[in-house]
Amino acid sequence: MRLLLGQLAYLNTQPFEPLPGLRVFRASPSEIGRLAATSELDAGLLSAGDLIRNEGRYSPLGDARGAFGIACRNEAGSVFLLSRRPAEQLGGKIVEITRETSTSVLLLQLWLEQRLGIERPEYRLGVTREHEAVLLIGDEALRERERPDARFPYRFDLAARWKEWTGLPFVFAVWSARRSLSAAKRSGLEETISASLERGIERIPEIAEAAAGPLGDGSTIARYLLDFTYRFDEPERVGFETFRQLARKRNLVPSSPATRDGGAPC
């Protein structure tokens, strides 16, 4: 049977497509994370939070040139906290959280509570835009960037806030595979993903033109895609480990007995 891969259904994952010869399940980060938690996926583009939660079951894929995934060294352009007031005034207020997120909500909690030191807000699942602030990710955030909601005069790009805080890139997702997968299958996946990425990078102008519309014009989308890092280097490794340690220290994700003392998985 062909391997089952989980792929995030967002514009910024398209440079990894197509992935020939594999069964690919496209879904939100939270849904991919649910499948990873039950080991239903052989591999997938796991959100950083879900890789941390499931690092006893999954580990990053990568060749000698580094791991693969979605990271940015400055602004993400598609992970926003929208607010009716300055972020420092959100203590005790309701912050709506999109149901799609598995990682951005952790980043938001760290930034608001640890970086800014504010009183814990009330995080509420579901986006109604009826309360003080809302977290948007992915294509919905891109649409917001093109047509800002005037009810929320404050917009915070969380990757930019992370860079300002730590000086490091933020890693949103990492291609990972079940630890029980054979070395030969892992190697085959790494070769497939690497070749797919090389083709995808060349196709970015085509991808951008095809996506033009509510998410932006072709040149805007191309710049957006090119701002991401898809093959990681040392800064991404350090950025991921810093996020992992902060999230664990604040008990935002449970410790995995299999890797509690094992350090960063990528």
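Which residues touch the most other members of the largest nonpolar core?

1. The model is predicted, so to speak plainly about confidence: local features need pLDDT of at least 70, side-chain atom pairs count only at pLDDT 80 or more, and totals for chains, interfaces and linings use all residues. Residues are numbered from 1 along each chain as its sequence is written, and side-chain values use heavy atoms, with hydrogens and water left out.

2. Leu11, Leu81, Leu108, Leu112, Leu189 and Phe243 touch the most other members of the largest nonpolar core, which has 81 residues. A nonpolar core here is a set of buried Ala, Val, Leu, Ile, Met, Phe, Trp, Tyr and Cys residues joined through side-chain atoms within 4.5 Å. Buried means under 20% relative accessible area, exposed over 50%, and partly exposed in between (1.4 Å probe, protein chains only).

3. Leaving aside residues up to four places away in sequence, Leu112 touches Leu81, Ala87, Leu90, Gly117, Ile118, Pro121 and Tyr123, where contact means heavy atoms within 4.5 Å. There is also a second, separate core of six residues, including Phe80, Leu82, Val134 and Leu136.

4. Now to helix α3 (residues 104-115) and helix α9 (residues 234-249): their axes come within 11 Å and cross at roughly 70°. That makes α3 roughly perpendicular to α9 (65 to 115 degrees; under 35 is roughly parallel, over 145 roughly antiparallel, the rest oblique). Axes are lines fitted to C-alpha atoms, for helices over the stretch in contact, with angles from 0 to 180 degrees between N-to-C directions. Helices (H or I, at least four residues) and strands (E, at least two) are DSSP runs, numbered from the N terminus.

5. On the α3 side, Leu106, Leu107, Leu110 and Gln114 make the contact, and on the α9 side Phe243, Leu246 and Ala247.

6. Helix α4 (residues 138-146) has Gly138, Asp139, Ala141, Leu142 and Glu144 as its buried residues. Their cover includes β7 (79-83), β10 (133-137), β11 (154-157) and α8 (218-226).

7. The axes of helix α7 (residues 204-211) and α8 come within 8 Å and cross at roughly 130°, which makes α7 oblique to α8. Ile204, Ile207, Ala208, Glu209 and Ala211 of α7 meet Gly218, Ser219, Ile221, Ala222, Leu225 and Leu226 of α8.

8. Helix α6 (residues 183-202) packs on α7 at about 65°, with the axes 4 Å apart. Gly200, Ile201 and Glu202 of α6 meet Ile204, Pro205 and Ile207 of α7.
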